[in-house]
Each structure stands twice: as structure tokens, then as C-alpha cells.
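Here's a quick tour of a two-part question: what sits inside, and what sits where chains meet? Have the model open while you read.

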Amino acid sequence: MSRIVILALKDLRLLWRDRFGLFWILVFPLVFALFFGSIFGGIGGARRTPLKIAVVQEDESDAARAYVERIAASPALQALAMEREAAWEAVRRGNRSAFVAIRPGFGEALGRLLEGGAPALELGIDPARTAEAGYLQGLLVESLFASMQDRFRTVAPGLRGPEVTVTPVSSAGSRPHSPFEITFPSAIQWALLGCAAGFAISLVRERTAGTWLRLRSGPVTRAEILAGKGLACYCACIVVALLLLMFAVAALGVRLGNPAMLALALASSAACFSGIMMMVCVLGKTEQSVAGAGWAIFTLMAMIGGGMVPLIAMPAWMITLSNISPVKWGIVALEGAIWRGFALSEMALPCAILWAIGLTGFGAGVRLLARADR
Amino acid sequence: MIRAESLRKSYDGLTAVDGASFEIRPGETFGLLGPNGAGKTTTIHMLVGALQPDAGSIEVAGAPDPSRAEVRRAIGLAPQALSLYAELTGEENLLFFARLHGLRGARLRDRVDWALGFAGLREKARQRVGAYSGGMQRRLNLACALVHEPRVLFLDEPTAGVDPQSRIHLFANIEALAREGRTILYTTHYMEEAERLCDRVAIMDRGRILDCDTVPALLARHGGRAVIEAELAELPTEGAVLPGRIDGKILRVETERPLEDLAQVASAGAKLSSLHLHRPDLETVFLALTGRSLRDG
């Protein structure tokens, strides 16, 4: 049995005996992963909380009333009729995300569309909810368009509106079946980050327990000691990922996609974060400093790599910057394996990057450790 | 077996070891005696290859580089701070360190069993070390250094913080190891331990070796003469000749032949109510060499 394996088995045994530490390394990452997974995807389907709006009815025409009824019937909206002043106050206080005022002459303008009539709506939005303004505008226009269709149907029965067909683009048979399949790669990344961050303090613990000196006086090199920590962390990462997989399959209906590619993606991600852990664990001389540095580095990686905010919501420069984050490449590899239907050649780039980062972390850790020991 | 030549080591501008030189012969128990902060532990760390000296040379078990694998297999270290995994049992600690040194199969089991017996921990072998008493942990700390049967032992203050009973147990263990012919470097700031266990002693202070020899030779060089202190029950009659000087009722005699001087006191008819003989010891030697007590640090 190689010394690295002996060291790793010892660390895993110590982890098993330390129930509190076991919680932070095995259980907490699962909680973390499920929390972020549910935020991004919504466990149990794509249902979202309806947007709360106030409706100010300033036009009493039939067309205007029909429009308001259409808005109220939308499952994406929770509309409440209010007077203008009350609606304004409700939005100002944050009780409603927005108000929609149906301006006087709305119905008449709707009836004169072909003669240049323009039905007038006013949208008052909470400054803190501007991200939803576009979404709300889309819903209002959709309802308006439906009202126009109703109107034209009476004038020209054969007239039909445009048809939009939505087609998910993915390999044959590899479409995501549940929203959690889409967020699952981020969840796995969080689990691995949590596991690696928890393991980072194990080297400092050797120093505080005095065992570092005994190890260093034995026939074992610094690189072997660090590799032992890395192997133990790698095994723990794999166990965490498997636990998360089992939960996701059993409770959330996630399918495993291509199991061989999934194994490759998991192995690469675990190697990457174990390698980074080996560098982080020598960045301080106390448990507090290493734990602080670990979480700072790992959180930053998650932030810029799309682990907190999806990459599509980021500005262009941030998307470019995300290329330096292993979280991004981990997500790409896992998505490729689970539902994008990547071939081995497509998996090669993200996996190679993950392994390269892991090995660089190990190398940097050995160098820093040698310097710290002088 | 061990040779240190002009070793130097500084931390952040503070000199911990300042040109220390000494040589330890095979089978010898060699003591490094000095107060806390004298540089003993730093010297050991350099000798086992855990620290790189700033200057000087080292030879351990015939090799100039203690970080070489064959040297590390030949040495055992019992650090001053307990270096055990508290969440593992005593047996698991021994198994781990023995495996790291390459022990396998029957030899592994035999050596671990021997080490548990040596430390008197067979009955507690499957208890977690965190539940051991301080003395039991100290004994296990020493056993972990011995489990791979090293030829050279570095024992850094092995009795620090130990109760008297465990200290006696440890002394017996170390004496047994010395009888087996192992080479031992023993650091302590207790002169009694150095006098009892060590064939030769180096007096260390502020990073420097002040002198190094057998205990009798050190005493002869730096210890001065023995002192007899007696309280006289009655002052001697006039004309009686007593050695030394009398201060009130206290007779004080500095002498190289205490028995002869005591006989002279008796023949002079002096009646004593108490008698103390102060022989020079390593404390006296340290005081003579540094002007300070060992306990002053």
C-alpha cells in the first residue's frame, strides 16, 4: 500500500470519527447544493410565484374591461384593482411590484387600430424590481395582442395572428426532463466546493496536533503528505457527488444522461477542486485563516463561474472572465454529460481544463509548503 | 552516529541556534540540558530534517542529509508536543505510523503489540487517545517513535507535564532502550533526568553549547566543592579546631573531602542538631557557566 493511500485512509478515518466535521464535509454541501438547485430551477416543476401588480381602471369601456379580465386571468400575474393613488403607494411601499393603468380612451383606440388608434397603458414599476419590468411588459403586450385578435376576428374572421413554436435545442433524446436536471450541475459544483473547503483545514490540523513534525521526520515527503490529503478530499468529493446523485435521481426525477461521461465529468471536477484544496490548505497557519481563504477563493470562483448567478444574466466582460473559473468548466462538463449529449471529443476540453487546474493547484501547494517549512 | 557542526538557525532575526557543535557515539545516551528557549528543540528539528539549518553541517546515521528515506527509517522522534491523532485509538495510531515506515503483515502486528506492551497500554489499545490520561499519551507518544525499531532516538522533553508515576515508567523505558544499545539524544531542562539517564551531557543556553562531557567531568570542571552545613546544638569549647567557618550556630564547610571533615567535626566534640551535605550538581554547573539558574529560563 503506498504511503499516499495510507495517509488518505487515515484522513478519511479521522473524518468518519469527527461527526461534526463529517456534517460540514458531507451533509452541508448537500444542503448547499439543494438550496442553490431549488433557487435556480424550482423543485417540483417550473411554477413561479405570480407577479403581484395593481390595476388602475381609468377607462370603463367594454374593451378595457375585457383587457383587465384577461390580465387577471393570467397565471403569471396576481392582479388587484386599485385607485391610482393607492396603487402608487402599494408599489412605493414594495407591496406590489408594479401598477398598470388603463388610460382613458383605451377601448376607443383599440377599436380604431386600423385608423391609427393607439391604446394607452401606463406602467409604474418598483425600482427594485426593474429586472421584472421587461417580463411584465411582455405579458401586457401578449394580453393586448390577444385583445386585438378578438377585435379583428369580428371584423375579418379569417385573420390570424403570428404563431411562435418553441423547440428546445439539444441532442436527440437528451432534453432535460426536469428543471433540476438543468440546475443539477451547479448543485454538484456547490457540493464539491463545500467538500473541498471543509477539507482545506486538515493540513493545519496536522500542525496544531503536532503530528506534522512526526510525519516530516518519517520517510514521507511533503508532496506525499499533500497528495494524501488530496486523495482523501477526492474520495470525499466523489462520495458527496454520489449522495447528491442518488437523492436527485430518487427524489427529483433527474436522469443520469450518459453515465460514462457523467463519471468522467465528476472525476474531473473532483480532481480540480481537490487540487485547488491542496493549494488553499497551505495559505495560512491557523484553521481560521485557511478556512477564510478557502471560502473566499471558492465563493469567488462560484460567483464568476455561474454558480451563483447564471452566466446568461452576466454582462459580456463577466462571461469572458468566467473562463478562468473551474466552476464554469465543471458546469459545462456536467451539463454535457447529463442533458446536452456531449460526445467524448466535446467533453475533452472542459475535462482537460479541470484536470490542468487540479494539477496546478497540487504543484503550487507543494511549492508553498516547502517555502512555509523553511 | 550523530554529528552536528556549527549549526545555526534564526527565526525573524532571532537566533535560536548559534554555532552548536557536538558528536554522539553509537549506543550513547546524550543529553541536551538547558532552560526553555535554549535552542534544544530547534536543534532536534534540524537533526531530523524537519528544519533546514541556516549554516553548519549534520550527519545522522552515517548520512549527511537527514531527509533521505534511509535515514528517516533509522530514526524515531518523540516530539515535545504530543503528536498523536486524538480521534484514533492507541492501536490505530501505532498501526498508522508503523505502516508509514513500511512495516507489513506479521512484523507489523508484532511491532505494534510490542509497542503497546512497552507503553503499558495493551488493555487500552482500542480506546481513543483523546480519552487517555496525560501520562498514557506521553507513553504512547514515545511508543510511536519506537514502533519501527529505529537505531537512533530523538526524545524531546519526553517527561514534560507527566505525573511522577508515569515519569518513573518513562525512565524505566528509556533505560531499557539504552541497554538495548540504541543511540539516544535526550533534551530536558531537568538536571535530575540528565544526571540519571545520560552518558554525556551538553549544556546549552541561548543557542550555544557551553560545555559537553560526562556528568562527573562537568561537575569536576564547573561544580566547585561540596558544602557541609551543620547547625550546632552547643558551641564548641575553646581550643577545639573545626574546619570551615561558624556564623552564629551554623557551621559551613566547603570541602573536597566531606567525610574527612565530618570526622574532624565529630572528634572535636561538636554536638550537631542538624546536618546537610550539598554536593555540586548540574544546576551548579549551569549556574557557574551562565550566572543564571536553569529554572530562570
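This is a predicted model: local features need pLDDT of at least 70, side-chain atom pairs count only at pLDDT 80 or more; totals for chains, interfaces and linings use all residues.

Leaving out residues up to four places away in sequence, C237(A) touches L192(A), C195(A), A196(A), A270(A), F273(A) and S274(A). C237(A) also belongs to the largest nonpolar core, which has 154 residues. Together with L192(A), C195(A), A196(A), A265(A), M277(A) and L94(B), C237(A) touches the most other members of that core. The biggest giver to this core is helix α11 of chain A (residues 259-280), with 14 residues. Another core, of 24 residues, lies apart from it, and A54(A), A63(A), M82(A) and V91(A) are among its members.

Zooming out, chain A has 15 helices and four strands. Of its 374 residues, 42% are buried. Take contacts in chain A between residues at least 6 apart in sequence: 80% of them join residues at least 24 apart.

One helix to look at is α14(A), residues 326-338. Its 13 residues reach 18 Å from first C-alpha to last, close to the 18 Å expected at 1.5 Å a residue. As for cover, 13 of the 13 residues in α14(A) are buried.

Now for the chain contact. On chain A, 19 residues are in contact with 22 residues of chain B. α1 (3-17) and α9 (211-216) are the elements of chain A that give two or more residues to this side, and α1(A) gives the most, with six residues. Here's how the chain A side divides:

| Residue class, side of chain A touching chain B | Count |
|---|---|
| Nonpolar | seven residues |
| Polar | four residues |

Notes. Residues are numbered from 1 along each chain as its sequence is written. Chains are lettered from A and ligands numbered from 1 in the order in which they are written. A residue is buried if 20 or more other C-beta atoms lie within 10 Å of its own, exposed if 12 or fewer, and partly exposed in between; C-beta atoms are placed from the backbone. Two residues are in contact if their C-beta atoms, placed from the backbone, lie within 7 Å. A nonpolar core is a set of buried Ala, Val, Leu, Ile, Met, Phe, Trp, Tyr and Cys residues joined through C-beta atoms within 7 Å. The expected span of a helix is 1.5 Å times one less than its number of residues. Ala, Val, Leu, Ile, Met, Phe, Trp, Tyr, Cys and Pro count as nonpolar, Asp, Glu, Lys and Arg as charged, and the others, Gly among them, as polar.
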